[in-house]
Amino acid sequence: MNIQQLKTHKQSGTKITCLTAYDNAFAKIFNECGIDIILIGDSLGNVIQGDENTLSVTTEEMVYHTQSVAKGVSKALLIADMPYQSYTNAEQTLQNAQQLINGGAQMVKLEGGREHEACFKILVENNIPICGHLGLQPQSVIAMGGYKVQGKDKDSAQNILDDAKALESWGVQALVIECIPASLARKITQQLNIPTIGIGAGVDCDGQVLVSYDMLGITQNPPKFVKNFLTNGSIKSATNDFIQAVKNQTFPTDKHSY
């Protein structure tokens with residue numbers, strides 16, 4: 001899988017599959033099952049380190065986990081999160097992104113929109129592929145007042161759409177949209193030429209991502225958009241079931257959407 005193939009998937013209507021991985025063992029399983037994208041998420045702050053949010057995760061930790069995952073991946077596209085406060089200015093953004101790329105990532109993911117214009121642009125200028133992240137932004141969970149659905153009113157929905165269009169115009173090549181109404185996610189997906197990957201954003205996104213620990217039923221009290229695919233069998237069979245459900249558009253259902 002590469003970035004051009006993601007665009008081809010969008011054009012053909014082939015759904016894109018993505019799971020998080022934080023270590024070599026899980027990465028190998030997901031890679032062998034044929035997952036399209038593996039995301040080394042700063043969600044490791046929650047699921048690995050036991051914190052209430054992602055804010056304590058450092059660039060050094062992200063590089064370490066990226067290196068571990070990259071050793072087990074031969075087919076999937078590897079995306080690494082830029083952690084909290086690792087892109088406060090353009091120069092810092094470039095330096096930290098280069099560390100993740102050197103660690104094995106093929107693309108980096110940044111949360112936010114037009115407020116980070118200089119950060120996005122310096123990466124594009126230096127040929128570092130970028131995935132954006134709009135809607136619910138876990139690194140802004142305190143400012144947003146908690147883990148809440150975003151874009152429910154007209155003004156906030158328009159702001160998310162405007163951010164999405166801006167990111168695409170700057171050269172961002174994929175976009176994660178999290179916890180927004182399915183109708184808004186559909187509109188964004190239809191108006192962008194780059195692929196959208198949803199999490200709690202309805203079935204009409206170009207792809208779906210879940211935290212692997214959520215998908216495997218490990219997480220206690222998971223959010224509404226999560227489905228436990230490990231109801232019987234193995235991690236490998238659960239991964240295959242997730243891939244098929246996304247490809248066949250049987251996941252997410254209305255039950256998993258807002």
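Student: Where in the chain is His256 found?

Tutor: His256 is found in the segment after α10, the helix that spans 235–247; helices here are DSSP runs of H or I with at least four residues, strands are runs of E with at least two, and both are numbered from the N terminus. The model is a predicted one, in which local features need pLDDT of at least 70 and side-chain atom pairs count only at pLDDT 80 or more, while totals for chains, interfaces and linings use all residues. Residues are numbered from 1 along each chain as its sequence is written, and side-chain values use heavy atoms, with hydrogens and water left out.

Student: Why does His256 count as buried?

Tutor: His256 has 7% relative accessibility, and buried means under 20% relative accessible area, exposed over 50% and partly exposed in between, with a 1.4 Å probe and protein chains only; His256 is therefore buried.

Student: Which residues does His256 touch, not counting residues up to four places away in sequence?

Tutor: His256 touches Gly200, Lys224, Phe225, Val226, Lys227 and Phe251, where a contact means heavy atoms within 4.5 Å. One of these partners, Phe251, is joined to Pro252 by a cis peptide bond, and Pro252 is itself placed in the segment after α10.

Student: What makes the bond between Phe251 and Pro252 a cis peptide bond?

Tutor: The omega of the bond that joins Phe251 and Pro252 is about 0°, and the bond is listed as cis.

Student: What makes the protein as compact as a globular protein of that length?

Tutor: The protein has 10 helices and 8 strands. Its radius of gyration is 17 Å, close to the 18 Å that the globule rule gives for 258 residues, so the protein is as compact as a globular protein of that length; the radius is taken over C-alpha atoms, and the rule is 2.2 Å times the number of residues to the power 0.38. Those C-alpha atoms fill a box of roughly 45 × 40 × 35 Å, taken along the principal axes, and 55% of the 258 residues count as buried. Among contacts between residues at least 6 apart in sequence, 61% join residues at least 24 apart.

Student: Why is Asp214 called buried?

Tutor: The relative accessible area of Asp214 is 9%, and for that reason Asp214 is classed as buried. Asp214 lies in helix α9, residues 212–215, and touches Thr219, Val226, Lys227 and Asn228, not counting residues up to four places away in sequence.

Student: How do you know that the side chain of Asp214 makes a polar contact with the side chain of Thr219?

Tutor: A polar contact is a pair of N or O atoms within 3.5 Å; within protein, one must be able to donate a hydrogen and the other to accept it, and residues adjacent in sequence count only if both atoms are side-chain atoms. The side chains of Asp214 and Thr219 make such a contact at 2.5 Å.

Student: Why is Leu19 called buried?

Tutor: Leu19 has 0% relative accessibility and therefore counts as buried. Leu19 is found in strand β1, residues 16–20, and its partners, not counting residues up to four places away in sequence, include Phe30, Ile37, Val209, Met215 and Phe242. Leu19 and Asp36, which are 17 residues apart in sequence, are 8.6 Å apart in space, C-alpha to C-alpha.

Student: What is the phi of Cys179, and is Cys179 buried or exposed?

Tutor: Cys179 has a positive phi of about 50° although it is not a glycine, and with a relative accessible area of 4% it is buried. Cys179 lies in the loop between β6 (174–178) and α8 (182–191). Gln85, a residue other than glycine, also has a positive phi, near 60°, and is found in the loop between β3 (77–81) and α5 (90–102).

Student: Why is Asn89 called partly exposed?

Tutor: Asn89 has a relative accessible area of 35% and is therefore partly exposed. Asn89 is placed in the loop between β3 and α5, and its side chain reaches the backbone nitrogen of Gln92 at 2.8 Å.

Student: Why is Gly171 called partly exposed?

Tutor: The relative accessible area of Gly171 is 30%, so Gly171 is partly exposed. Gly171 lies in the loop between α7 (154–170) and β6, and Gly171 and Glu52, 119 residues apart in sequence, are 33 Å apart in space, C-alpha to C-alpha.
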